[in-house]
Amino acid sequence: MKTIELAQYGPVIPVIVLDRLEDAVPLARALVAGGVRVLEVTLRTPVALACMEAMIREVPEAIVGAGTVRSVADAEAVKKIGARFAVSPGYTSAIGEACLALDLPLLPGVSTASEVMTANADGYHFLKLFPATAVGGLSLLKAFASPFHDVSFCPTGGLTPENAPQFLALPNVKVCGGSWLTPADAVNHGDWARITELAQASHALRR
Ligand code: 3PG
């Protein structure tokens with residue numbers, strides 16, 4: 001699989017933070033029930049790897065990847081437990097090369113033209129713009145379109161249901177990322193129906 005193929009499943013990749021292992025499977029089921037199959041589970045909590053393993057084992061319809069991959073060791077750990085892809089907040093050639101060697105599809109984060117060029121030189125042309133709204137958002141993506149005509153983006157960071165349609169309308173945006181599909185209060189209260197509704201609603205954001 002190539003990371004660009006993740007875009008075919010829907011316009012929004014949920015960025016997931018899980019504090020409790022027992023929430024992993026019901027959350028994945030709730031998102032899949034809402035038609036959202038690509039799930040990015042961030043390596044931000046001690047249970048993240050165990051949560052991914054549980055989702056992979058119990059929810060085969062889900063395409064589970066790891067977010068917040070910051071080191072070669074992170075990439076090796078998530079490959080070992082069966083993550084289908086990795087997302088990094090920034091880019092280093094060490095991570096890029098390690099993911100190629102591991103056969104782990106990587107969606108690398110960039111926020112400057114120089115980082116785009118470094119990632120391109122290592123073979124990556126589908127990139128996450130992070131943190132999208134903080135580094136220039138729509139105007140930066142429009143400005144990147146001409147010099148980087150063969151590069152496409154997954155803006156993440158600061159996107160909302162209100163501004164996502166404008167990002168998704170740009171020709172160089174294939175999909176976007178956001179945490180709003182999995183609000184912490186809904187996860188903490190086990191409000192899986194709300195998460196399914198948010199997932200369903202995300203499909204209408206690409207007009
Ligand atoms: C993150 O860093 O958690 C992701 O970029 C998601 O950001 P968001 O909460 O602004 O959607």
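**Exercise 1. Determine how helix H3 and helix H4 are placed relative to each other.**

*Solution.* Step 1: the axes of H3 (residues 72-80) and H4 (residues 93-102) come within 9 Å and cross at roughly 25 degrees. Helices here are DSSP runs of H or I with at least four residues, and strands are runs of E with at least two, numbered from the N terminus. Axes are lines fitted to C-alpha atoms, for helices over the stretch in contact, with angles from 0 to 180 degrees between N-to-C directions.

Step 2: H3 is therefore roughly parallel to H4, a term for angles under 35 degrees.

The model is predicted: local features need pLDDT of at least 70, side-chain atom pairs count only at pLDDT 80 or more, and totals for chains, interfaces and linings use all residues. Residues are numbered from 1 along each chain as its sequence is written, and side-chain values use heavy atoms, with hydrogens and water left out.

**Exercise 2. Identify the residues through which H3 and H4 meet, and classify them.**

*Solution.* Step 1: H3 contributes Val72, Ala75, Glu76 and Lys79, which meet Ala94, Ile95, Ala98, Cys99 and Leu102 of H4 (contact: heavy atoms within 4.5 Å).

Step 2: this contact comprises seven nonpolar, no polar and two charged residues. Ala, Val, Leu, Ile, Met, Phe, Trp, Tyr, Cys and Pro count as nonpolar, Asp, Glu, Lys and Arg as charged, and the others, Gly among them, as polar.

**Exercise 3. Describe the largest pocket and the second largest pocket.**

*Solution.* Step 1: the largest pocket has a volume of about 270 Å³. On a 1 Å grid over the protein atoms alone, a pocket is an open set of points with protein on both sides within 12 Å along at least five of seven lines, and lining residues have an atom within 4 Å of a point. A volume is the space filled by probe spheres set on the points, which are joined across faces, edges and corners.

Step 2: 14 residues line the largest pocket, and Lys2, Thr3, Pro105, Leu106 and Tyr124 are the closest to its centre.

Step 3: the second largest pocket holds about 150 Å³. Helix H8 gives the largest share of its lining, three residues.

**Exercise 4. Describe the largest cavity.**

*Solution.* Step 1: a cavity is a set of points where a 1.4 Å probe fits but cannot get out. The largest cavity has a volume of about 40 Å³.

Step 2: its lining consists of Leu6, Tyr9, Gly10, Val12, Ile13, Gly35, Val36, Arg37, Val38 and His203.

Step 3: by class, that lining has six nonpolar, three polar and one charged residues.

How values were computed. Angles under 35 degrees count as roughly parallel, over 145 as roughly antiparallel, 65 to 115 as roughly perpendicular and the rest as oblique.
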